[in-house]
Amino acid sequence: MRKVTVFPKSNAVKKEKIISSLLGTSVILLFLVSWELLFQFRIVNPLFISAPSRVVLALITIIRDGSLLQNLTISGQEFVFGYGVAVFIGFPVGIMLGWFKLVRAAFGPFIAAMQATPRIALMPLFIIWFGLGITSKIVIVLLSAIFPLIVNLQVAMSTIDNDLIHVARAYGASRWQVFRSIALPTSLPFLITGLRLAAGRGLLGVIVAEVFGGAAGLGYMIQYAGSTFQTDKVFAGVLVVAFTGITLDFTLDRLGHHFDRWRGEVASH
Amino acid sequence: MESVKSADTLERPVKLAIKDIVVGYLDKQSGHTMVAVDKVTLDIREGEFVTIVGLSGCGKSTFLNAIAGLVKHQHGEIRVNDRIVTGPGMDRAVVFQKASLLPWRKVGRNITYGLELSGMKQAAAREKASYYVNLIRLNGFEDHYPHQLSGGMQQRVNLARALACDPEVLLLDEPFAALDAITRELMQNELLQLCEKVGKTVLMVTHQIDEAVLLSDRVVIFSSRPAYVLADIRIPIPRPRKSHIKDSEEFRRLMNEIWRVIEGNANIGGGI
């Protein structure tokens, strides 16, 4: 009986990987060292640029005094609620837009117009409507995260392989069965991409909304530190945001690979 | 296993009865309704293997789709076991030219797809499909994804998916046309043996005349569009057949006979 053989990765491939990750790391290190030197030798006004060592100290301080956790919790809440509602609404809306021609004809232009509107420009309105608290931020996150989801799922529906639908119908599948056995599995990779894009946009939404008109949260912390010339604290805040973003994206990427196994090598990069 | 088939299929009850069917389609360019299949009448008896040949685009695939219930016919009726066909149903299973396996399902669950659509539980479906999985020698491949299989193997899965439903009539729409020449010949032999074993009623569409003669009890020749029956030729080569019958005098004579009919029609209609 035939077997499918999977060839082990060759040494040359491994070597190439090691070299490229070494290159990447050294550029980052070079950047950090130059930054530190610029600070230590007072080449640029230290007040403006801070230094990696100072940023680390600032980070330790905000961890110790609990202000980081407090702000992180508030930003986290805003993100989770906004993102959650975006997924809850965006997934079915995107699917319906893609699946039903009439729904697309009815709501497509409206959604396109909504999407083209810069959300953050509406922040003054949201502050009037929902106040400076958590709700106005949640709305911004929701509006930032929902469109990548809607668009991706709508696209997913248009990529469905017609031959598969043909086969399903030949086996007597109902419209619901076609949807469940073909449309939904087709949409999964697109859902993951949508989730990743939405996470990035949502995170941006949280920070910008807090910088713009907040009384708490990471964005507010960064904004406040900036306006009081605590550059090290600004960098520390930015670092936390960046780290959160990377972690989120990585997790969703892993999740995507999990659902993508059937694609084989081609798409697994 | 013993051969179920015998030469005297003429005495068997009619399994698939097609009477006077007309299939039209809307030509998007002209906006007119065009006739693809024009009053075709055809009886296929139980256990019979009938193949329709004709020029490509003559309407034979449309005809098959009408029998599958995927395309509406405007006139006439189609009966399976004397029940009128109104749409797709579990009494017929189609094998298309493209394997069209669900890429996210492993082979095992692709084979049971049709059964699952009919409401059968996964475990029961696997149980029911296992006979054909063995027969088509797919055991050991159940946990592979379709992209890991060759074109020929994918088409075998496609065939197994159809047979697993245990249909009254198996419809094959140019099942090997997308395969390379060598794989196609191998698959023809495999289908030949398979059909002689299971004795299914089969209606196939192809434009390979040798394939038609090798596999069929009868070869029905369609005219170029709109399709009607030009000739209905019995293939009296006894079963079980082996692929080397292709070298025989009789095989060549039959191929010639079929070819003459097609050629004659093409010349008159200018249908190439």
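**Notebook: chains A and B**

I began with chain B: of its contacts with a separation of 6 or more, 72% join residues 24 or more positions apart. I count two residues as in contact if their C-beta atoms, placed from the backbone, lie within 7 Å.

The model is predicted, so local features need pLDDT of at least 70 and side-chain atom pairs count only at pLDDT 80 or more, while totals for chains, interfaces and linings use all residues. Residues are numbered from 1 along each chain as its sequence is written, and chains are lettered from A and ligands numbered from 1 in the order in which they are written.

**Chain B overall.** I found eight helices and 10 strands in chain B; these are DSSP runs numbered from the N terminus, helices being H or I of at least four residues and strands E of at least two. A residue is buried if 20 or more other C-beta atoms lie within 10 Å of its own, exposed if 12 or fewer, and partly exposed in between, with C-beta atoms placed from the backbone.

**Helix α6(B).** I looked up residues 181–198 of chain B, which form α6 with 18 residues. From first C-alpha to last the helix reaches 26 Å, close to the 26 Å expected at 1.5 Å a residue; the expected span is 1.5 Å times one less than the number of residues. Its buried residues are Met187(B), Gln188(B), Leu191(B), Leu192(B) and Cys195(B). They line one face of α6(B), because seen down the axis they fall within an arc of 145°, an arc of the directions from the helix axis to the C-beta atoms. I listed β3 (49–53), α5 (151–164), β8 (201–206) and α7 (209–215) of chain B among the elements covering them. Just after α6(B), Gly199(B) has a positive phi of about 60°.

**Chain A against chain B.** I found 16 residues of chain A in contact with 21 residues of chain B. On the chain A side, α8 (162–170) and α9 (175–213) each supply at least two residues, and α8(A) gives the largest share, six residues. By class, that side has 11 nonpolar, three polar and two charged residues. Ala, Val, Leu, Ile, Met, Phe, Trp, Tyr, Cys and Pro count as nonpolar, Asp, Glu, Lys and Arg as charged, and the others, Gly among them, as polar.
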